[in-house]
Amino acid sequence: MDFSPVWISIKTTLCASAITFVFGILAAWAVMFIKGPKIKAAVDGILAIPLVLPPTVAGFFLLWIFGARRPVGNFVEEVFGFRIAFSWVATVLAAVVVSFPLMYRSAKAGFEQIDQNMIEEAKMLGLGKWGILWKILFPCTFPSVLSGMILSTTRGLGEYGATAMLAGNIPGKTRTLPLAVYSEVAGGNMERAGVYVAVILIIAFLAVWIMNMMTRAENEIKM
């Protein structure tokens, strides 16, 4: 039994989750301070568009940007001697892109529930944008932020289409759990595929359970 897809998926998910967590919160925070409603709606649409795009389409755009013969991919390879496409880094990049909207939208929804009077009073007291983020927005919306992190983490774990497009399906290198399930089923190894599916189901169940427990605890606190 090859357990490399499990370890690759764990490493990919942990790295992608950390990146998504930070940039999702920062993006939601930045969008809050955009004044024009039309510009705000446009920026929000751009940041959330991977949520509605087919993963293979997202993968196509990633490959178009980071491919070996594309400007960004070629620049990275020439300057740093590293090829992004069909590497482990590509699995992280694909997971970040498809899971980012979930973290961003959850954080944004939480931030929008904060009383604007509280924010205005904080500004009058001399609290800057960073202070508002870390002393008001983040602590007051922690359950929403954490829920977004759990959702984006599980989404990144289950990513298939964009990963296959950008990272490929290289055994021991870029083959994540979803890719391993597909490969084993295509090869007629249903038992091995079942083991990988069981791992994914366990992780997904734990994520949903944690979210339910958090929601219950939050409701008890409010009562």
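User: Which residues touch the most other members of the largest nonpolar core?

Analyst: A nonpolar core is a set of buried Ala, Val, Leu, Ile, Met, Phe, Trp, Tyr and Cys residues joined through side-chain atoms within 4.5 Å. Buried means under 20% relative accessible area, exposed over 50%, and partly exposed in between (1.4 Å probe, protein chains only). Here the largest core has 21 residues, and Ile25, Phe111 and Leu137 touch the most other members. At least two residues of this core come from each of helix 1, helix 5, helix 6 and helix 7. Helix 1 contributes the most, with six residues. A second, separate core has eleven residues, among them Leu62, Phe66, Ala90 and Ala162.

User: What should I know about the model and its numbering?

Analyst: The model is predicted: local features need pLDDT of at least 70 and side-chain atom pairs pLDDT 80 or more, while totals for chains, interfaces and linings use all residues. Residues are numbered from 1 along each chain as its sequence is written, and side-chain values use heavy atoms, with hydrogens and water left out.

User: How many helices and strands does the protein have?

Analyst: Helices (H or I, at least four residues) and strands (E, at least two) are DSSP runs, numbered from the N terminus. The protein has eleven helices and zero strands. Its C-alpha atoms fill a box of roughly 65 × 45 × 30 Å along the principal axes. Of the 223 residues, 39% are buried. Among contacts (heavy atoms within 4.5 Å) with a separation of 6 or more, 70% join residues 24 or more positions apart.

User: Which residues does Phe111 touch?

Analyst: Leaving out residues up to four places away in sequence, Phe111 touches Ile25, Ala28, Trp29, Met32, Leu133, Leu137, Phe138 and Thr141.

User: Which residues of helix 7 are buried, and what do they pack against?

Analyst: An α-helix has 3.6 residues a turn, so residues three or four places apart point the same way. In helix 7 the buried residues are Gly131, Ile132, Leu133, Ile136, Leu137 and Phe138. They pack against helix 1, helix 5, helix 6 (116-124) and helix 8. Helix 7 covers residues 129-140, twelve in number, and reaches 15 Å from its first C-alpha to its last. That is close to the expected 16 Å, the expected span being 1.5 Å times one less than the number of residues.

User: What lines the largest cavity?

Analyst: On a 1 Å grid over the protein atoms alone, a cavity is a set of points where a 1.4 Å probe fits but cannot get out; lining residues have an atom within 4 Å of a point. One cavity of 30 Å³ or more is counted. The largest cavity holds about 50 Å³, the space filled by probe spheres set on its points, which are joined across faces, edges and corners. Its lining is Ser9, Thr12, Thr13, Thr91, Ala95, Gly156, Leu157, Glu159, Thr163 and Thr176.

User: Is Ser9 buried or exposed?

Analyst: Ser9, in helix 1, is buried, with a relative accessible area of 2%. Apart from neighbours within four places in sequence, Ser9 contacts Leu157, Thr176, Leu177 and Pro178.

User: Where is Phe86, and what is its phi?

Analyst: Most residues other than glycine have a negative phi. Phe86 has a positive phi, near 60°. Phe86 sits in the loop between helix 4 (71-80) and helix 5 and is partly exposed, with a relative accessible area of 39%.

Note on methods: 1 Å grid on protein atoms, 1.4 Å probe; cavity = no way out; pocket = protein on both sides within 12 Å on 5 of 7 lines; lining within 4 Å.
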